[in-house]
Amino acid sequence: MLRVEELEAALPAMTQWRAAAGRGVDWAALEATLGTALPSDFRSLAEAYPILVVGDFLSVFVPRPGAEVSWASDARDDEILQDWYEMEDMEDYVPFPQPGGLISWATSNCGDVFYWKTSPADPDAWPVVVRTDNGDWNEFPVGVVEFLAGVYGHTIDVPGMPGSFPGDSPQVLGLSDRID
């Protein structure tokens, strides 16, 4: 499993948004509400960075300190995923909290959605699953940090994505942790 520093090497524009002392996410509250632990690489990313928007295309949603229960509730009650499931538009995937169900962690501005498949039991072994806007499903046997480092380091190709993705040297915007 890659470390956040390896993602920073592939996407150096993100480093300006790194929290010097960590963000203080209440993982116990989040995971109690969600009903599962989350991968350690994502936890490291979420402690180091706020929500990131990469290349004005990909939004990586990490929990905001003080809003962990809301993040977990949204993950458990993914209405779009439930609609796809009811329309039988998910191949062999299922929504969380079903065993092996999907939990979203990012979206694109074109309607692509990035998930974990919550199987096997060890969250650090969860693969990344991408549903592209055209309805294709792609699974990658890596964690979030390794996936993002591979995409932005040009070693992982995601079929069905726009030709301009991921681009060269994309800009990164970090969104405020402020809760209104």
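**A cavity, a helix and a loop residue**

Tutor: In this predicted model, about 40 Å³ of space lies in the largest cavity.

Student: How many cavities of 30 Å³ or more does a search of the whole structure find?

Tutor: The search finds one.

Student: Which residues line the largest cavity?

Tutor: The lining consists of Leu7, Leu11, Met14, Leu45, Leu52, Val54, Val60, Leu148 and Tyr152. Two elements, strand E1 (52-54) and helix H6 (144-152), each give two or more residues to this lining.

Student: Let us turn to H6. Is the helix mostly covered or mostly uncovered?

Tutor: H6 is mostly covered, with eight of its nine residues buried. The buried residues are Val144, Val145, Phe147, Leu148, Ala149, Gly150, Val151 and Tyr152. Of these, Leu148 and Tyr152 also line the largest cavity.

Student: What follows H6?

Tutor: His154 follows the helix, and the phi of His154 is positive, near 65°.

Student: New topic: where does Thr132 lie?

Tutor: Thr132 is in the loop that runs between strand E5 (128-131) and strand E6 (137-140).

Student: Why does Thr132 count as buried?

Tutor: Thr132 counts as buried because its relative accessibility is 0%, and the cut-off for buried is under 20%.

Student: What does the side chain of Thr132 make a polar contact with?

Tutor: The partner is the side chain of Asn134, at 2.2 Å. Leaving aside residues up to four places away in sequence, Thr132 touches Asp112, Asn138, Pro159, Gly160 and Met161.

Definitions and conventions: Residues numbered from 1 in each chain as written. Predicted model: local features only at pLDDT ≥ 70, side-chain atom pairs only at ≥ 80, totals over all residues. Heavy atoms only, no water. 1 Å grid on protein atoms, 1.4 Å probe; cavity = no way out; pocket = protein on both sides within 12 Å on 5 of 7 lines; lining within 4 Å. Points joined across faces, edges and corners; volume = space filled by probe spheres on them. Helix = DSSP H or I, 4+ residues; strand = E, 2+ residues; numbered from the N terminus. Buried < 20%, exposed > 50% of the residue type's maximum accessible area, 1.4 Å probe, protein only. Polar contact = N/O pair within 3.5 Å; in protein donor to acceptor, adjacent residues only side chain to side chain. Contact = heavy atoms within 4.5 Å.
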